[in-house]
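Look through the sequence and the fold below before reading on.

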Amino acid sequence: MNSNEVYIQRCIDLAKKGSGYVSPNPLVGCVIVKDNEVISEGFHSAFGSPHAEADAINKYSGDLTGTTLYVNLEPCSHFGKTPPCTDLIIKRGIKKVVIGHTDPNPLVDGKGVDILKSAGIEVVSGVLEEKCRELNRFFLKFHSEKRPFITLKIAQTLDGKIADSSYASKWITGQKSRVLVHNFRSEFDAVLVGLNTVMVDNPFLDTRFVNGRNPTKIVLDKFFGISLSRNIFLSGKTIVVTSEKNSDKESQLIALGHKVIYTQLNSDGGFDFITLLPQIAAEGIISIFVEGGSRVFSSFMRTGFYDEIILFSAPKILGSGIPALENIGVSKIEECVTLKLVEFTLLDGDILTRYLK
C-alpha cells in the first residue's frame with residue numbers, strides 16, 4: 001500500500017467506530033498529516049454530532065496550513081445538522097484533500113470536491129474506493145435506489161433446514177455464531193421477521209450479547225394477528241407492518257412507544273415491497289437485517305429485494321424439517337440464482353459465508 005492508501009485505510013478503521021450510531025448518515029473517518037506524521041484523527045460518532053473532518057480539525061489547536069487531510073468520503077458542502085466541512089477545511093489552510101469516493105447524496109455529489117478545488121486545494125479521489133464503498137454500502141444503496149440495504153441472515157443445518165418440523169430452531173448454531181449475530185444486529189437500523197417467527201420463537205431481537213445499539217424491530221403481520229405480550233415489545237421500538245386496520249391494537253402499540261405501518265399486498269397475497277420499503281425508509285431506516293422465517297426469506301429472494309446473504313451453516317444434519325427457502329420463482333437449473341462469495345469464516349465448527357447479490 002502506498003501512503004495515500006495507508007491513511008485512507010486508517011480512515012476506514014476510524015469510521016467503523018461509529019457503526020450503528022450514525023445512520024442515516026455515512027460512516028466517515030478522517031486523518032490529518034503534516035510532514036509525513038499524523039497530527040490529528042477524528043470520526044463521525046453519532047447522528048447529529050460533528051462530522052469526521054470537523055472532529056479531526058477541531059482536535060488540533062495548532063496551525064494546519066499546508067497539511068493534507070484524508071477522508072473516506074467526500075466532505076460535505078451544505079448546511080445540515082452541522083456546518084459544511086468544506087468551509088472549515090478552507091478556513092484552516094489545508095492544502096490537499098485525499099478522499100475514498102464522492103458522496104452520492106444529491107446535496108453533495110461532487111460539489112464538495114468542486115468547492116475545494118475552486119479554493120486552490122489539491123484533491124485526490126478514488127483511493128481504496130471499493131473498500132470505502134463496501135464500508136458505506138447501506139448509505140450508497142439508500143441514495144441510489146431510495147430503499148434500505150437488505151441482508152438476509154440464515155442459520156441452517158448442512159442440509160438446509162432452519163428448524164425441525166415443529167418449528168423449533170434453538171439452537172442450530174453455536175454460541176460464537178449467536179454472539180456474532182448480535183454484533184450484526186447492532187450495525188443495522190432494523191431487524192425484520194415474520195409473524196410466525198415472533199409467535200413460535202418469541203425472540204427479543206436485541207443485542208444483549210454485545211455492547212451495541214439495539215435495532216428497531218419490524219414484524220411482517222398481514223392481518224394484524226400479533227399478540228402484544230411477545231418479547232419484542234418489552235424494550236425498544238417495534239414496527240408492525242400490516243394490511244388490516246385494527247384501531248384498538250394500534251392505539252395500544254402507540255401508547256407503548258411502537259408504530260404500525262399500513263401497506264398493501266400484491267396480487268400474490270404477499271407484501272408489496274415496492275410500496276413498503278420506501279415507507280420503512282421514511283422512518284429513517286436505511287438497513288434491514290432479515291432473520292426469518294422461510295416464507296419471509298423466500299419472498300425477498302423471489303422479488304429480488306435483497307442485497308446480500310449471510311449464511312451460518314452448522315455441522316448438523318436434520319433430514320426432515322423447515323427449509324431455509326421455499327418457492328423463489330426458480331424451476332430450472334439454468335435459472336439458479338448466482339451469488340458472489342465475499343467472505344468465508346470458521347466459527348467453532350459453524351461456517352459463516354457472506355454473499356453479494
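A residue counts as buried when its relative accessible area is under 20%, as exposed when that area is over 50%, and as partly exposed in between, with a 1.4 Å probe and protein chains only. The model is predicted, so local features need pLDDT of at least 70 and side-chain atom pairs count only at pLDDT 80 or more, while totals for chains, interfaces and linings use all residues. Residues are numbered from 1 along each chain as its sequence is written, and side-chain values use heavy atoms, with hydrogens and water left out.

A disulfide is a covalent bond between the sulfur atoms of two cysteines. The rule applied here asks for a pair of cysteine sulfur atoms within 2.5 Å, and by this rule there are zero disulfides. For C11, the closest cysteine sulfur belongs to C30 and is 5.9 Å away, which is too far for a bond. C76 is in no disulfide either; the sulfur of C85, the nearest cysteine sulfur, is 3.7 Å from it. C11 has 0% relative accessibility, so C11 is buried.

C11 is one of the buried residues of helix α1, and others among them are Y7, I8, I12 and L14. Helices here are DSSP runs of H or I with at least four residues, strands are runs of E with at least two, and both are numbered from the N terminus. The elements that cover the buried residues of α1 include the strands β1 (29-34), β2 (37-43) and β3 (68-73), as well as helix α5 (129-135). How far should helix α1 span? The expected span of a helix is 1.5 Å times one less than its number of residues. For the 13 residues of α1 (residues 3-15) this gives 18 Å, and the end C-alpha atoms are 18 Å apart, so the two values agree. At the start of α1, a side-chain oxygen of N2 comes within 3.1 Å of the backbone nitrogen of N4.

S177 lies in another helix, α7 (residues 175-187). With a relative accessible area of 1%, S177 is buried. Which residues touch S177, leaving aside its neighbours within four places in sequence? They are F312, L347 and D350, where contact means heavy atoms within 4.5 Å. S177 and I351 are 174 residues apart in sequence, yet their C-alpha atoms are 8.8 Å apart in space.

Charged residues come last. Side chains of opposite charge can pair when their charged atoms come close. A salt bridge is a side-chain nitrogen of Lys or Arg within 4 Å of a carboxyl oxygen of Asp or Glu, and the structure holds 19 of them. One joins E145 to K141, with the closest N and O atoms 2.8 Å apart. Both residues lie in helix α6 (residues 137-145), four residues apart, or about one turn of the helix. E145 is partly exposed at 43% relative accessible area, whereas K141 is buried at 15%. After α6 comes K146, with a positive phi near 60°.

D206 and R208 form another salt bridge, with their closest N and O atoms 2.5 Å apart. D206 is buried at 13%, and R208 is partly exposed at 46%. E250 pairs with K245 at 3.4 Å between the closest N and O atoms; K245 is exposed at 55%, while E250 is buried at 16%. Salt bridges that share partners also link E134, R137, E308, E343 and R354 into one network.

How values were computed
A polar contact is a pair of N or O atoms within 3.5 Å; within protein, one must be able to donate a hydrogen and the other to accept it, and residues adjacent in sequence count only if both atoms are side-chain atoms.
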